Amino acid sequence: MQTIFEKSVLGRSQYQLPVAIAAEIELGEGMTRSMLDLPEVSELDIVRHYTALSQRSFGVDTGFYPLGSCTMKYNPRINEAMAGLKEFAQFHPWQDDADSQGTLELIYRTQEYLTEVTGFPGLTLEPAAGAHGELTAVMMMKAYHLDRNDTQRRKMLIPDSAHGTNPATAAMCGFDTVEVPSDAQGGVDLEKLKAVLDEKTVGMMLTIPNTLGLFDRNILEISKLLHEKGALLYMDGANLNAILGAVKPAKMGVDVMHINLHKTFSTPHGGGGPGGGFVGCVSSLVPYLPAQRIVKDGDSFRLDFSAPKSIGRVRAFYSNFGVIVRAYTYMLRLGKEGTKRIGRYAVLNANYIKARLKDFYNIPFQQHCMHEVVFNDEKQTQYHITTMDIAKRLIDFGYHPPTIYFPLIVHGSLMVEPTETESKETLDEFIDAMMKIAEEAKVTPELLQRAPHSAAVKRVDSVKAARNPVVVCNTCCT
Ligand SMILES: Cc1ncc(COP(=O)(O)O)c(C=O)c1O
């Protein structure tokens, strides 16, 4: 039995596939493929469909992606080639140390590089992401205090400019979070800090440079104040890219820090994983590091589990190994001199954008910025234009919008992080687009209010979506 049927597979006007013609195939007694309602398309049609979908995706490989606080730098292709080597890609984590010498050495060497740039004697690459590194570090802080029978400490101090993962991490470790306000320069308000700091303080989680793109000049004073009360200074090192090669965190009075490998060392971003989180610490915290440690005995390497005071394992196997291969490839290519250039160029690029746009957009903090610059919509509100309108209009110019409305302490914040991998030409084109948008805000505000005009998905009513969410399950419900 053979019949011919027609089917419009996706039913969408924009990417509608040509009518597919397929022959029914017997699947079982009395059952045909047409009865299963499976889409029938030719190979060419399906290739075109998925290629069209892939062209809707936006990434660093397709355009400028100045998403503040995310450090969307270019991920060199050679990283992928190295991680794809069959000796790495096909390596099984259950293989014993004798068969794992190459992989253990690679992790060990990555640790050596990170010891050099951070200055910390103790470290681990076991966590799978930045936030996982935070959790590891705060668990170590907790173990440190408990080991001293210092059981009263329950307060974790967190600046009001912090990333949301900081208070979440402190809460997961059972601590109360106490917000510390920022001062007029965007740093920690020292007087407010002194008012909440006492012998019940576990420590402070401080992002350096902070999410306003600013370096807190009082870092040494903050560290001193904390240590006087027996508390620890934790550095959220997610923004290490800005100071890489310029300053060692261990020299700033920091006790423990995390780094997101994907933000500084050019590995793919992936929503909490597949990431890589490094934790470094001073010698007094070394006993509490995660249980799996890579040690060098003579010329060979092994995993060591003999750490009685350790917080235990934070992962089943050691790290996201593929991420470490990529990061190590990047480190090798940078070398010592290249490492010193990263932070400088990242800071230069952000300040270049800041200087050229200062007459067009309001800048809440006037001092030199680090890796990112925060603007807001104060100059545009007179034309009824918001940060959201500016961000959406940038899509029409071919850019991924910057981070908006974060950090929360800046009203209408628009945070631009160009990274060091962008050329001056790219920055100039982006600046031109931002200038054009500032002009449009004055003369044709409706153009911005209805933007984006070129994207497949137009402006959604986010207020309505938040108030009346329509939750649909596409897996099992129809
Ligand atoms: C300042 C800061 N802290 C923590 C994190 C969390 O890192 P992850 O996304 O790797 O979990 C981020 C993420 O970008 C960050 O910017």
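Around the ligand stand 14 residues, of which A129, G130, A131, H163 and A238 come nearest; a residue is near a molecule if its C-beta atom, placed from the backbone, lies within 6 Å of it. By class, this shell holds 4 nonpolar, 9 polar and 1 charged residues. Here Ala, Val, Leu, Ile, Met, Phe, Trp, Tyr, Cys and Pro count as nonpolar, Asp, Glu, Lys and Arg as charged, and the others, Gly among them, as polar. The model is predicted: local features need pLDDT of at least 70, side-chain atom pairs count only at pLDDT 80 or more, and totals for chains, interfaces and linings use all residues. Residues are numbered from 1 along each chain as its sequence is written.

The protein chain is divided into domain 1 (4–56), domain 2 (77–333) and domain 3 (343–466), with bounds from an automatic or database domain assignment.

Turning to the strands, an open sheet of 3 has the order β14-β16-β15, with antiparallel pairing. Strands are DSSP runs of E of at least two residues, numbered from the N terminus, and two of them pair if DSSP finds at least two bridges between them. β14 (373–376) and β15 (403–404) stand at the edges with a single partner strand each, so one side of each is left without a neighbour in the sheet. β14 is joined to β16 (residues 413–416) by 4 bridges, and V374 has M415 in β16 as its bridge partner.
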